[in-house]
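This report looks at charged side chains that pair with each other. The structure comes first, then the pairs one by one.

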Amino acid sequence: MSNFMQFLNQPYPDKSGFAAMMKEASISGFIVFAFLAFFQPFDLHTAGANAPWLAFQFGVITFFACIIFESFFSYVVKINRDRPSWTFWKWLSMTLLLIVFIASVNYFYVFMTLSRDLNVAEFLVMLRSTLAVGIFPSFIIGSLNLNRRKKEYQEIAKTISPKETEISTSVNVSLPIKNSTKTFELDASKILYLESMQNYVQIHYLNDNGLPQKEMHRNTIASLEEVLQSHGIKRTHRSFLVNTNMIKSVSGNAQGLKLELEYGDGVVPVSRKYIKEFR
(Lines give C-alpha, C1' and ligand atoms only; values in the text may rest on other atoms or scores of the structure.)
Protein backbone atom coordinates (compact mmCIF):
# COMPACT_ATOMS: atom_id res chain seq x y z
CA MET A 1 0.00 0.00 0.00
CA SER A 2 2.83 2.40 0.83
CA ASN A 3 4.41 1.78 -2.60
CA PHE A 4 1.09 2.60 -4.26
CA MET A 5 0.81 5.84 -2.29
CA GLN A 6 4.36 6.78 -3.27
CA PHE A 7 3.44 6.16 -6.90
CA LEU A 8 0.39 8.43 -6.62
CA ASN A 9 2.47 11.16 -4.95
CA GLN A 10 5.03 11.39 -7.75
CA PRO A 11 5.21 14.70 -9.69
CA TYR A 12 3.08 14.43 -12.81
CA PRO A 13 4.08 15.90 -16.21
CA ASP A 14 0.94 17.85 -17.01
CA LYS A 15 0.81 20.60 -19.62
CA SER A 16 -0.84 23.98 -19.29
CA GLY A 17 -1.58 26.80 -21.69
CA PHE A 18 -4.07 27.49 -24.47
CA ALA A 19 -2.54 25.09 -27.01
CA ALA A 20 -2.54 22.18 -24.55
CA MET A 21 -6.11 23.04 -23.54
CA MET A 22 -7.36 22.96 -27.14
CA LYS A 23 -5.54 19.72 -27.88
CA GLU A 24 -6.92 17.90 -24.84
CA ALA A 25 -10.43 19.25 -25.47
CA SER A 26 -10.30 18.07 -29.09
CA ILE A 27 -9.11 14.60 -28.06
CA SER A 28 -11.78 14.32 -25.36
CA GLY A 29 -14.51 15.42 -27.77
CA PHE A 30 -13.40 12.88 -30.38
CA ILE A 31 -13.23 10.05 -27.83
CA VAL A 32 -16.78 10.77 -26.63
CA PHE A 33 -18.05 10.96 -30.21
CA ALA A 34 -16.32 7.72 -31.24
CA PHE A 35 -17.44 5.85 -28.10
CA LEU A 36 -21.09 6.90 -28.44
CA ALA A 37 -21.20 6.34 -32.20
CA PHE A 38 -19.69 2.85 -31.95
CA PHE A 39 -21.25 1.43 -28.76
CA GLN A 40 -24.43 3.57 -28.65
CA PRO A 41 -25.01 3.28 -24.88
CA PHE A 42 -27.77 5.00 -22.83
CA ASP A 43 -30.44 3.96 -25.37
CA LEU A 44 -28.74 5.94 -28.12
CA HIS A 45 -29.50 3.09 -30.52
CA THR A 46 -33.19 4.02 -30.34
CA ALA A 47 -32.37 7.17 -32.33
CA GLY A 48 -31.78 5.02 -35.41
CA ALA A 49 -30.11 6.87 -38.27
CA ASN A 50 -29.79 9.97 -36.10
CA ALA A 51 -27.51 8.20 -33.61
CA PRO A 52 -24.21 9.29 -35.28
CA TRP A 53 -25.45 12.90 -35.45
CA LEU A 54 -26.37 12.85 -31.76
CA ALA A 55 -22.98 11.31 -30.95
CA PHE A 56 -21.32 14.16 -32.87
CA GLN A 57 -23.34 16.72 -30.89
CA PHE A 58 -22.24 15.15 -27.61
CA GLY A 59 -18.65 15.25 -28.87
CA VAL A 60 -18.93 18.99 -29.61
CA ILE A 61 -20.51 19.61 -26.20
CA THR A 62 -17.68 17.68 -24.58
CA PHE A 63 -15.14 19.87 -26.39
CA PHE A 64 -16.67 23.08 -25.03
CA ALA A 65 -17.20 21.55 -21.58
CA CYS A 66 -13.45 20.81 -21.45
CA ILE A 67 -12.62 24.38 -22.47
CA ILE A 68 -14.88 25.81 -19.75
CA PHE A 69 -13.55 23.39 -17.12
CA GLU A 70 -9.89 23.97 -17.94
CA SER A 71 -10.32 27.73 -18.24
CA PHE A 72 -11.94 27.89 -14.82
CA PHE A 73 -9.20 25.98 -13.05
CA SER A 74 -6.36 27.60 -15.01
CA TYR A 75 -7.44 31.25 -15.01
CA VAL A 76 -9.89 31.58 -12.10
CA VAL A 77 -8.65 29.07 -9.53
CA LYS A 78 -5.15 29.44 -11.03
CA ILE A 79 -3.94 25.92 -10.39
CA ASN A 80 -0.24 25.65 -11.26
CA ARG A 81 0.48 22.29 -12.89
CA ASP A 82 4.17 22.55 -13.67
CA ARG A 83 5.48 22.51 -10.09
CA PRO A 84 6.64 19.42 -8.16
CA SER A 85 3.52 19.77 -5.99
CA TRP A 86 1.35 18.75 -8.98
CA THR A 87 1.28 14.99 -8.40
CA PHE A 88 -0.26 12.00 -10.15
CA TRP A 89 -3.16 11.72 -7.69
CA LYS A 90 -3.99 15.40 -8.21
CA TRP A 91 -4.00 14.91 -11.97
CA LEU A 92 -6.14 11.79 -11.62
CA SER A 93 -8.60 13.58 -9.31
CA MET A 94 -8.83 16.50 -11.74
CA THR A 95 -9.41 14.10 -14.64
CA LEU A 96 -12.22 12.31 -12.81
CA LEU A 97 -13.77 15.65 -11.87
CA LEU A 98 -13.64 16.61 -15.55
CA ILE A 99 -15.39 13.34 -16.46
CA VAL A 100 -18.15 14.13 -13.95
CA PHE A 101 -18.52 17.63 -15.39
CA ILE A 102 -18.70 16.33 -18.98
CA ALA A 103 -21.30 13.71 -18.03
CA SER A 104 -23.37 16.35 -16.21
CA VAL A 105 -23.29 18.80 -19.12
CA ASN A 106 -24.21 16.09 -21.64
CA TYR A 107 -27.08 14.86 -19.49
CA PHE A 108 -28.53 18.33 -19.08
CA TYR A 109 -28.19 18.85 -22.82
CA VAL A 110 -30.46 15.82 -23.27
CA PHE A 111 -32.86 17.23 -20.70
CA MET A 112 -32.98 20.71 -22.28
CA THR A 113 -33.08 19.83 -26.00
CA LEU A 114 -34.80 16.44 -26.24
CA SER A 115 -37.68 17.25 -23.87
CA ARG A 116 -36.87 14.40 -21.54
CA ASP A 117 -37.88 14.45 -17.90
CA LEU A 118 -35.20 15.26 -15.36
CA ASN A 119 -34.62 11.98 -13.57
CA VAL A 120 -32.07 11.99 -10.75
CA ALA A 121 -31.86 8.20 -10.61
CA GLU A 122 -31.21 8.05 -14.36
CA PHE A 123 -28.57 10.76 -14.05
CA LEU A 124 -26.78 8.89 -11.25
CA VAL A 125 -26.80 5.68 -13.31
CA MET A 126 -25.32 7.58 -16.27
CA LEU A 127 -22.74 9.21 -14.02
CA ARG A 128 -21.75 5.90 -12.46
CA SER A 129 -21.41 4.27 -15.88
CA THR A 130 -19.35 7.19 -17.19
CA LEU A 131 -16.98 7.06 -14.22
CA ALA A 132 -16.69 3.28 -14.48
CA VAL A 133 -15.70 3.64 -18.14
CA GLY A 134 -13.34 6.57 -17.48
CA ILE A 135 -11.46 5.61 -14.30
CA PHE A 136 -9.51 2.61 -15.57
CA PRO A 137 -8.33 4.12 -18.90
CA SER A 138 -7.42 7.39 -17.15
CA PHE A 139 -5.28 5.57 -14.60
CA ILE A 140 -3.57 3.42 -17.24
CA ILE A 141 -2.89 6.33 -19.63
CA GLY A 142 -1.66 8.54 -16.78
CA SER A 143 0.60 5.79 -15.40
CA LEU A 144 2.13 5.11 -18.81
CA ASN A 145 2.75 8.81 -19.40
CA LEU A 146 4.30 9.25 -15.95
CA ASN A 147 6.62 6.26 -16.31
CA ARG A 148 7.64 7.20 -19.86
CA ARG A 149 8.56 10.74 -18.89
CA LYS A 150 10.28 9.63 -15.70
CA LYS A 151 12.46 7.16 -17.57
CA GLU A 152 13.29 9.76 -20.24
CA TYR A 153 14.45 12.38 -17.73
CA GLN A 154 16.30 9.90 -15.56
CA GLU A 155 18.33 8.89 -18.62
CA ILE A 156 19.07 12.55 -19.35
CA ALA A 157 20.10 13.12 -15.73
CA LYS A 158 22.68 10.32 -16.01
CA THR A 159 24.45 12.23 -18.76
CA ILE A 160 24.81 15.36 -16.63
CA SER A 161 27.55 15.82 -14.08
CA PRO A 162 27.39 18.84 -11.78
CA LYS A 163 30.19 21.23 -12.56
CA GLU A 164 32.85 21.50 -9.96
CA THR A 165 32.05 24.39 -7.70
CA GLU A 166 34.04 27.35 -8.80
CA ILE A 167 35.56 29.73 -6.30
CA SER A 168 33.31 32.73 -6.69
CA THR A 169 34.46 36.17 -5.81
CA SER A 170 32.12 37.84 -3.36
CA VAL A 171 30.16 40.47 -5.22
CA ASN A 172 27.38 42.38 -3.54
CA VAL A 173 24.32 42.92 -5.66
CA SER A 174 21.31 45.15 -5.11
CA LEU A 175 18.05 43.40 -5.86
CA PRO A 176 15.21 45.82 -6.55
CA ILE A 177 11.93 45.62 -4.64
CA LYS A 178 8.88 46.40 -6.74
CA ASN A 179 6.98 49.59 -5.86
CA SER A 180 9.70 50.59 -3.42
CA THR A 181 12.83 52.70 -3.42
CA LYS A 182 14.52 50.17 -1.16
CA THR A 183 16.71 47.31 -2.39
CA PHE A 184 17.80 43.99 -0.91
CA GLU A 185 21.59 43.79 -0.64
CA LEU A 186 23.38 40.43 -0.57
CA ASP A 187 26.43 38.55 -1.78
CA ALA A 188 25.60 36.98 -5.16
CA SER A 189 27.95 34.05 -4.49
CA LYS A 190 25.85 33.06 -1.46
CA ILE A 191 22.56 32.83 -3.32
CA LEU A 192 21.12 29.29 -3.46
CA TYR A 193 18.01 29.75 -5.56
CA LEU A 194 15.02 32.03 -6.13
CA GLU A 195 11.41 30.94 -6.37
CA SER A 196 8.51 32.94 -7.79
CA MET A 197 5.35 32.99 -5.67
CA GLN A 198 2.69 34.93 -7.58
CA ASN A 199 3.59 38.62 -7.05
CA TYR A 200 6.57 37.83 -4.84
CA VAL A 201 9.95 36.14 -5.12
CA GLN A 202 11.43 34.09 -2.30
CA ILE A 203 15.24 34.35 -2.18
CA HIS A 204 17.14 31.45 -0.60
CA TYR A 205 20.71 32.27 0.38
CA LEU A 206 23.44 31.65 2.96
CA ASN A 207 23.71 34.14 5.80
CA ASP A 208 26.96 35.38 7.33
CA ASN A 209 27.14 32.20 9.44
CA GLY A 210 26.87 29.96 6.39
CA LEU A 211 23.32 28.85 7.25
CA PRO A 212 20.44 28.73 4.74
CA GLN A 213 18.03 31.63 5.06
CA LYS A 214 15.21 33.05 2.96
CA GLU A 215 13.68 36.45 2.25
CA MET A 216 10.42 37.28 0.49
CA HIS A 217 10.17 40.44 -1.60
CA ARG A 218 7.64 41.82 -4.06
CA ASN A 219 9.09 41.43 -7.55
CA THR A 220 9.09 39.22 -10.65
CA ILE A 221 11.50 36.39 -11.36
CA ALA A 222 12.25 37.94 -14.78
CA SER A 223 13.39 41.25 -13.26
CA LEU A 224 15.76 39.53 -10.86
CA GLU A 225 17.08 37.28 -13.62
CA GLU A 226 18.28 40.38 -15.50
CA VAL A 227 20.25 41.49 -12.44
CA LEU A 228 21.71 38.09 -11.58
CA GLN A 229 22.40 36.33 -14.89
CA SER A 230 25.97 37.65 -14.99
CA HIS A 231 26.66 36.05 -11.58
CA GLY A 232 26.11 32.41 -12.53
CA ILE A 233 22.40 32.46 -11.68
CA LYS A 234 20.42 30.59 -14.33
CA ARG A 235 16.75 30.08 -15.11
CA THR A 236 15.66 26.44 -14.67
CA HIS A 237 11.91 26.86 -14.71
CA ARG A 238 9.46 29.68 -15.28
CA SER A 239 9.31 30.03 -11.48
CA PHE A 240 12.92 29.24 -10.48
CA LEU A 241 16.46 30.60 -10.75
CA VAL A 242 19.43 28.67 -9.36
CA ASN A 243 23.06 29.39 -8.54
CA THR A 244 24.87 26.80 -10.68
CA ASN A 245 27.83 26.84 -8.29
CA MET A 246 25.58 25.43 -5.58
CA ILE A 247 24.40 22.32 -7.47
CA LYS A 248 25.34 19.09 -5.70
CA SER A 249 23.61 16.45 -7.82
CA VAL A 250 21.17 16.04 -10.71
CA SER A 251 18.37 13.48 -10.93
CA GLY A 252 15.21 13.10 -12.98
CA ASN A 253 11.48 12.65 -12.47
CA ALA A 254 8.44 12.74 -14.75
CA GLN A 255 8.38 16.55 -14.89
CA GLY A 256 12.04 17.03 -15.80
CA LEU A 257 15.24 17.28 -13.78
CA LYS A 258 15.78 17.89 -10.07
CA LEU A 259 18.75 19.81 -8.73
CA GLU A 260 19.90 19.02 -5.20
CA LEU A 261 21.92 21.86 -3.72
CA GLU A 262 25.00 21.86 -1.50
CA TYR A 263 23.20 23.59 1.34
CA GLY A 264 19.72 23.25 2.77
CA ASP A 265 17.06 20.74 1.78
CA GLY A 266 15.63 22.62 -1.19
CA VAL A 267 15.27 20.80 -4.51
CA VAL A 268 15.08 23.00 -7.61
CA PRO A 269 13.13 21.70 -10.65
CA VAL A 270 14.39 22.01 -14.22
CA SER A 271 11.51 21.99 -16.71
CA ARG A 272 11.79 20.54 -20.20
CA LYS A 273 12.29 23.98 -21.76
CA TYR A 274 15.50 24.64 -19.79
CA ILE A 275 17.11 21.19 -19.80
CA LYS A 276 19.50 22.14 -22.63
CA GLU A 277 21.09 24.70 -20.33
CA PHE A 278 22.35 21.86 -18.11
CA ARG A 279 23.35 19.21 -20.67
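## Glu 152 and its partners

Glu 152 is partly exposed, at 27% relative accessibility; here buried means under 20% relative accessible area, exposed over 50%, and partly exposed in between (1.4 Å probe, protein chains only). Glu 152 forms a salt bridge with Arg 149, with 3.2 Å between the closest N and O atoms. A salt bridge is a side-chain nitrogen of Lys or Arg within 4 Å of a carboxyl oxygen of Asp or Glu. Arg 149 is buried, at a relative accessible area of 15%. Both residues belong to helix H5 (residues 120-158) and stand three residues apart, about one turn of the helix. Helices (H or I, at least four residues) and strands (E, at least two) are DSSP runs, numbered from the N terminus.

Arg 272 also forms a salt bridge with Glu 152, its closest N and O atoms being 3.2 Å apart. This pair links distant parts of the chain, 120 residues apart: Arg 272 is in the segment after strand E10 (267-271), and Glu 152 is in helix H5. Arg 272 is partly exposed, with a relative accessible area of 48%.

## Model and numbering

The model is predicted: local features need pLDDT of at least 70, side-chain atom pairs count only at pLDDT 80 or more, and totals for chains, interfaces and linings use all residues. Residues are numbered from 1 along each chain as its sequence is written, and side-chain values use heavy atoms, with hydrogens and water left out.

## Other salt bridges

The count comes to eight salt bridges. Among them, Arg 235 pairs with Glu 225, at 2.9 Å between the closest N and O atoms. Arg 235 lies in strand E6 (residues 233-237) and Glu 225 in helix H6 (residues 221-228), so the pair ties together parts 10 residues apart in sequence. Arg 235 is buried, at 12% relative accessibility, while Glu 225 is partly exposed, at 22%.
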